[in-house]
Amino acid sequence: MERIQEFLNEQLNQIVLSNSRRKEEVSKVKVRPLLFRGNLMFQAEELKGGQAFHKNMDRQELYQYLCDALEYTFRQMEVTSALGTMQVLVSKSKKKTIKVRKNQHQGVKQLPRMTALEHNRKKHYILEEGHPVPFLEDLGVMTREGKVVRSKYDKFRQINRFLEFVEDILPKLSKDREIRIIDFGCGKSYLTFAMYYYLKELKGYEIQIVGLDLKEEVIEHCNGLAEKYGFEKLNFLWGDIASYEGTEQVDMVVTLHACDTATDYALAKAVGWNASVILSVPCCQHELNRQMENQLMKPAFQYGLIKERMAALYTDAIRAQVLENHGYRTQILEFIDMEHTPKNILIRAVKEGKRAENGRELKEMMEFLHVKNTLAEAVGIW
């Protein structure tokens, strides 16, 4: 396994661990290099059930991670790099067969360390720097020349990350008719404009998007921008999520940073409309924190910060399970790095029709915590 260390550098493309012995725990792992505060790191994406979990490691930590993975969990590893390829096969008796093929680079000038990785990182953005996008200019993210404003680079990355999630669900959106999308709690609408631009201008979908928010001045400003860009099927309305009755059918519901139970009301609307896709980034999950009480958990709950974070995680887990019980295949994914915001969970739910049979377990967990949840109350656990 020492030879794998030759590939753990900025020239790495990806590492794939597969053929798991413990598929119920982790079925597959993908590893890619990344830059973190100017330093070379590696991110492992672990697929567990229908969810993806991420961890960042330095070179030595990754080497140990790979050794342990092949020793205890996986039977196969594929490595691809600008330097060549490596394949490791592990037999039932744990004997390892290693094949390495090096590329020949005579006469080929290599990019300097980090430069190649930086290039690879940038070229995967859906909205690329250097290509002016008018609405990003007006929203203060880009200059007229297409350069990302330094103080807005995190917002630029967030927009692109969100569009990656949208890209993943494109097969669920029909191109044979107009697609209706509602963005609850749209705020300044960075992502609403990006979604319209991506789906309509870049992908050619016939869409109608409505952004809903309680700030009248924001709604007025966004409607002005939509008119300026000629986004005829993008409209912004003033209103409350819980009482919104503007349509009877919606294909996709988006809710980004809707505070506390506003997220639950938005999800309940999506379930009621039988929406094909839900993308939700929850915020300020206070409802369970006010209710949670359990003598067994008292040693943890007595610390306010711990209880607050546990309440937030329990809240989103309950939401995801309720959606599963209503025929959605639901994933909880990392939206953006914790370095930028602690509000980094995205719930992605795709309607498949098959209901999960976990209502009893969910009800028992909520009884254990002595809590009720607005979404569960609105649409039912079963």
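**Rings, charges and a helix**

F184 and Y244 are both buried. Keep in mind that this is a predicted model. These two residues make an aromatic pair, edge-to-face, with 6.0 Å centre to centre and 80° between the planes.

**Aromatic pairs**
- The F184–Y244 pair ties together distant parts of the chain, 60 residues apart: F184 is in strand β8 (residues 179–184), while Y244 is in the loop between β10 (234–238) and β11 (252–259).
- F193 and F231 also pair up, but tilted, because their planes are at 40°, with the ring centres 6.4 Å apart.
- That pair, too, links distant parts of the chain: F193 belongs to helix α5 (residues 190–202) and F231 to the loop between α6 (216–229) and β10, 38 residues apart.
- F193 has 0% relative accessibility, so it counts as buried.
- F231 is buried as well, at a relative accessible area of 7%.
- Zooming out, the structure has 12 aromatic pairs.
- Ring pairs join F135, F193, Y196, Y197, Y229, F231 and F236 into a cluster.

**Charges over rings**
- K48 has its charged end over the ring of F53, 5.4 Å from the ring's centre.
- K155 does likewise with Y190: its charged end sits over that ring, 4.6 Å from the centre.

**Helix α4**
- Helix α4 (residues 153–168) runs for 16 residues and reaches 23 Å from first C-alpha to last, close to the expected 22 Å.
- Its buried residues include Y153, F156, F162 and F165, along with Q158 and N160.

Conventions
Residues are numbered from 1 along each chain as its sequence is written. This is a predicted model: local features need pLDDT of at least 70, side-chain atom pairs count only at pLDDT 80 or more; totals for chains, interfaces and linings use all residues. Side-chain values use heavy atoms; hydrogens and water are left out. Helices (H or I, at least four residues) and strands (E, at least two) are DSSP runs, numbered from the N terminus. The expected span of a helix is 1.5 Å times one less than its number of residues. Buried means under 20% relative accessible area, exposed over 50%, partly exposed in between (1.4 Å probe, protein chains only). Rings of Phe, Tyr and Trp (its six-membered ring) pair if their centres lie within 6.5 Å; planes under 30 degrees apart count as stacked, over 60 as edge-to-face and the rest as tilted. A charge sits over a ring if NZ of Lys or CZ of Arg is within 6 Å of the ring centre and within 35 degrees of the ring normal.
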